[in-house]
Amino acid sequence: MSLQLKIGVSYILVILGVLILLNTYPLIRARDMIFSTKSSALLGSADTMAAALAGLDTLTEENVTQALSVGEFGAVSRAIITDASGKILYDTREVGNATGYYAFYTELVQALEGNDAAYASYREGAFRSRAAVPVVYRNEIIGAVFVYEYDVEQAELLQNMQMNLLSISAGIGAAVLTLSILLSKLLTARIEELLTAIRGVREGAYNYRAAVGGHDEIAQIADEFNDLTGRLQVTEEARRRFVSDASHELKTPLSTIRLLSDSILQAEHMDADMVREFVRDIGQEAERLTNITEDLLRLTRLDSGVVEEAVPVEVWPVVQAVCRSLRLLADDKHIALELSVEQPCWVRATKGEIHQVIYNLVENAIKYNTDGGFVRVLLSADDTSAYITVEDNGIGIPDEDLDHVFERFYRVDKARSRAAGGTGLGLSIVRDTVRRRGGRIQADHRVGGGTVFTIEMPRAEEEQP
Ligand code: ADP
């Protein structure tokens, strides 16, 4: 059952209920009110007639007719006076006058038993009401007065009211029906728009946005959806860029290898030294491929969210180990590698991660340095955080690149990075690792030239031996 149908049906049911109530309750109330006024008016008339007969010790046709010939007894359709046995002594009806016959109306019988009685009914477009009271002489019932009224005027009023209510109901019904159809159409149209957008995005149209106006819940859902799709679009674009960058990075060394091997195969008289040089180049390119795939694997592991359990790691020994293994590279380029520690401290991660992070930063600081430069690694801490600072007075990073160096495959100087064996992935691995362990990293210009990288990580409790 569609939402539109559900809303429509429930609307119609509610309105139907209201209209049925509107068409019955007021009419029943009005009829009951007319019944009770009629009954009491008739009882009043009967009472006045009975009062006119008071004083008579017995009732006869003559004395009743005489007693009633004077006075006004209200507008009734018919009045009957009987004696104590129910024999009619007086009847106001001209055609079909029942004088001399016995009357057995229920109300009359009740009156002869000493009780006032009244009854009213509505049928065939007329109110019919009857009332009877006893005529008493010295505590003895000597007869009864019975009055009857047949009224079409008030019945007509009631019928008019019924007709009016019906036409008002028809009007209301039609208006509500149109309105509810319009409303539910409007509502479902907006939901339909949202559905189209969701389906579009599912098919891969990430730039599709749901155009739902207004400020209600549906509009809010649409806004949230658009927001979500926007993010999805960004992620999807990043993914595509990453895949295309990665394939490009892998293709370059492969083409070089292909070119070099073709040259060896095609050259008929290549001297042995030349061949060795080509083969060495092929080896270098193969190593580059290995580096790139290793870095890619590391990033995929970081992306997949599979994290090794963190343990408290003491940072200073790791800094020392990294610098020991990079000392040769630094010496080669005549770069002074200086380490200092202000405050030994522990962080929560794995030893391998901390090693990788510091290694990448220090290696970069050496790679992008100038002959005779320096690299300083400083470990410090405050109450809550550990800080690892890697500072160099090398070539520096231009302003416009500073924010981008952590992006995948981003290089300021492609040729230099390649020549130094870089993959363009080192800093993104550093940033992802540090973030995963609750820390952050920042790159700044060094006053006096060069670059400063600062890592801040939450301090861990020292591990008890
Ligand atoms: P790469 O493998 O190219 O070194 P990274 O992700 O480690 O990739 O670094 C990205 C880029 O940032 C490098 O190509 C380099 O241009 C620049 N860069 C990184 N560290 C430094 C530094 N200490 N000094 C100058 N430039 C740097």
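## The ligand and its surroundings

A polar side-chain atom of Tyr368 lies 2.7 Å from an oxygen atom of the ligand, a polar contact being a pair of N or O atoms within 3.5 Å, where within protein one atom must be able to donate a hydrogen and the other to accept it, and residues adjacent in sequence count only if both atoms are side-chain atoms. This is a predicted model, in which local features need pLDDT of at least 70 and side-chain atom pairs count only at pLDDT 80 or more, while totals for chains, interfaces and linings use all residues. Residues are numbered from 1 along each chain as its sequence is written, and side-chain values use heavy atoms, with hydrogens and water left out.

**Contacts with the ligand**

- Ser417 also brings a polar side-chain atom to an oxygen atom of the ligand, at 2.6 Å, and an N or O atom in the side chain of Thr451 is 3.4 Å from a nitrogen atom of the ligand.
- On its own the ligand has 520 Å² of accessible area, of which the protein covers 98%, with areas taken from the Shrake-Rupley method with a 1.4 Å probe and, for residues, only the protein chains shown counting as cover.
- The ligand is surrounded by 21 residues, and the closest are Tyr368, Ser417, Thr423, Gly424 and Leu427; a residue is near a molecule or strand if one of its heavy atoms lies within 4 Å of it.
- At least two residues of this shell come from each of helix H8 (351-367), helix H11 (426-436) and strand S12, and H8 gives the most, with three residues; helices (H or I, at least four residues) and strands (E, at least two) are DSSP runs, numbered from the N terminus.

- Strand S12 (residues 451-460) is largely enclosed by the rest of the structure, because seven of its ten residues are buried; buried means under 20% relative accessible area, exposed over 50%, and partly exposed in between (1.4 Å probe, protein chains only).
- Pro458 lies in strand S12 and counts as partly exposed, at 37% relative accessibility.
- Strand S10 (residues 385-392) pairs with S12 in the antiparallel sense over eight bridges, and Glu391 has Val452 in S12 as its bridge partner; two strands pair if DSSP finds at least two bridges between them.
- Strand S11 (residues 440-445) is joined to S12 by six bridges, again in the antiparallel sense, and Arg440 is the bridge partner of Glu456 in S12.
- S11 and S12 form a hairpin with five residues between them, and Gly448 in the turn has a positive phi of about 95°.
- Strand S8 (residues 346-349) runs antiparallel to S12 and is joined to it by two bridges, with Val347 standing opposite Arg459.

**Strand S5 and its partners**

- Strand S4 (residues 126-137) and strand S5 pair in the antiparallel sense over eleven bridges, and Arg128 stands opposite Tyr150 in S5.
- The hairpin formed by S4 and S5 has two residues between the strands, and Arg138 in the turn has a positive phi of about 45°.
- Strand S1 (residues 78-83) is paired with S5 (residues 140-151) through six antiparallel bridges, and Asp83 stands opposite Gly143.

**A buried aspartate**

- Asp91 lies in strand S2 (residues 88-91) and counts as buried, at 6% relative accessibility.
- The side chain of Asp91 makes a polar contact with the side chain of Arg78 at 2.7 Å, and the side chain of Asp91 also reaches the backbone nitrogen of Ala98 at 2.8 Å.
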